[in-house]
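Thanks for making time this morning.

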Amino acid sequence: MTSSLMGFLKENEKAFYDWRGIVSIRSSSLACDFRFPSFSEYSTKLKKRKIPFKPEPQRQPRVQQSLSKSDKFDSKVKRIGPHIEIFQVFRERSRMIITKKTINMITLMQAHVRGWLERKRFQRIMVKALYHGPNLRAVINMYCRQIHRIKHRLGLWRTRQIINFAELEEWMDRKKFYETMFAKREYWQGLERSELLKFFNDCGHFPTQQQIDQIWDLVHKDNHEKYSEIIKKSNAIEMLFTLYPPQGAHVQNRQLKSTWLRPVVNGEEGYKYIVSGHPILKRANIQIVGKLVSTSIRERKMRQRYVS
């Protein structure tokens, strides 16, 4: 056997002996075919080997657990969805396509509603006008003359007035309320001048005595009743509307100034909430108030220093 193998060896090949016998080694590289099989051989062997088929295990039926009454009630409550109205509010709806026909329908509906509201307001004004005068024309003339006097006293020369039913109704309501409050304090031919501050408070206004004296001089500037101690109803109401102009005058209230004790917020006196003990009022923090007062005093001194 060794002689036959030696015949196959070439001259440039080398040989060594081990337990297997004679093995030839080439000078360039070792032959790997004798030791390690290739990947293709492994794949062919795996193909030839048959893998036994294992069926999938069948699922076992779930054992229903016995639920108590409370568990059944809880599960029933969990299945109940939200209320239908709440669901409709938070549900995403498709956006409505606004067409020209839809706009015309909306405009027509708004015109009908506004027309109905204005007709109802006009009927209301016609009924209220009979309290203040013989007819609506006379009441409108009275309203326009008073607005003209108020603007003239405040230094406004453009006294052209445009009639607005809402502003006219507000003036008539206030005038009727002032007349009712005056009738409660009226004594003989009128109201005493010392009772004027209380009359203003009854009407829901809280001016100072200094402001009342200024309005008195402004209303009775060229009048012989300036030094009278008895005030008539027309003069008292004229003073109220001069100090607190109606909405139709479209003027700012320059006589009322906001102070620490009598604040004015958006044209509304805050002192009436203090007097009535309104629940909206809260006790102020003394630290915040002190800081605000000190800042105001500092700013006032700085302005005086720069002016001087």
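Before the first pair, a word on how the angle is defined: axes are lines fitted to C-alpha atoms, for helices over the stretch in contact, and the angle between N-to-C directions runs from 0 to 180 degrees. Please also keep in mind throughout that this is a predicted model.

As an overview, the protein chain has 12 helices and 6 strands, and 22% of its 308 residues count as buried. If we take the contacts between residues at least 6 apart in sequence, 59% of them join residues at least 24 apart.

Let me start with helix 6, residues 136–153, and helix 7, residues 165–185, which pack at an angle of about 85 degrees with their axes 11 Å apart. Angles of 65 to 115 degrees count as roughly perpendicular, and the two helices, helix 6 and helix 7, are therefore described that way. On the helix 6 side, the residues that meet helix 7 are Leu136, Val139, Ile140, Met142, Tyr143 and Gln146, and from helix 7 come Glu167, Leu168, Trp171, Met172 and Lys175. By class, this contact is made of 8 nonpolar, 1 polar and 2 charged residues.

One of those residues, Leu168, leads us on to the core. Leaving out residues up to four places away in sequence, Leu168 touches Ile125, Leu136, Ile140 and Tyr143. In the largest nonpolar core, which has 36 residues, Leu168, Leu196, Phe199 and Met239 touch the most other members. Helix 5, helix 6, helix 7, helix 8, helix 9 and helix 10 each give two or more residues to this core.

Met239 belongs to the buried residues of helix 10, and that helix, residues 233–243, is mostly covered, with 9 of its 11 residues buried. What covers those buried residues includes helix 6, helix 7, helix 8, helix 9 and strand 4.

Setting aside neighbours within four places in sequence, the residues in contact with Glu269 are Gly204, His205, Phe206, Pro207, Tyr244, Leu256 and Pro263.

Notes
Residues numbered from 1 in each chain as written. Predicted model: local features only at pLDDT ≥ 70, side-chain atom pairs only at ≥ 80, totals over all residues. Heavy atoms only, no water. Helix = DSSP H or I, 4+ residues; strand = E, 2+ residues; numbered from the N terminus. Parallel < 35°, antiparallel > 145°, perpendicular 65-115°, else oblique. Contact = heavy atoms within 4.5 Å. Nonpolar A, V, L, I, M, F, W, Y, C, P; charged D, E, K, R; others polar. Buried < 20%, exposed > 50% of the residue type's maximum accessible area, 1.4 Å probe, protein only. Core = buried A, V, L, I, M, F, W, Y, C linked by side-chain atoms within 4.5 Å.
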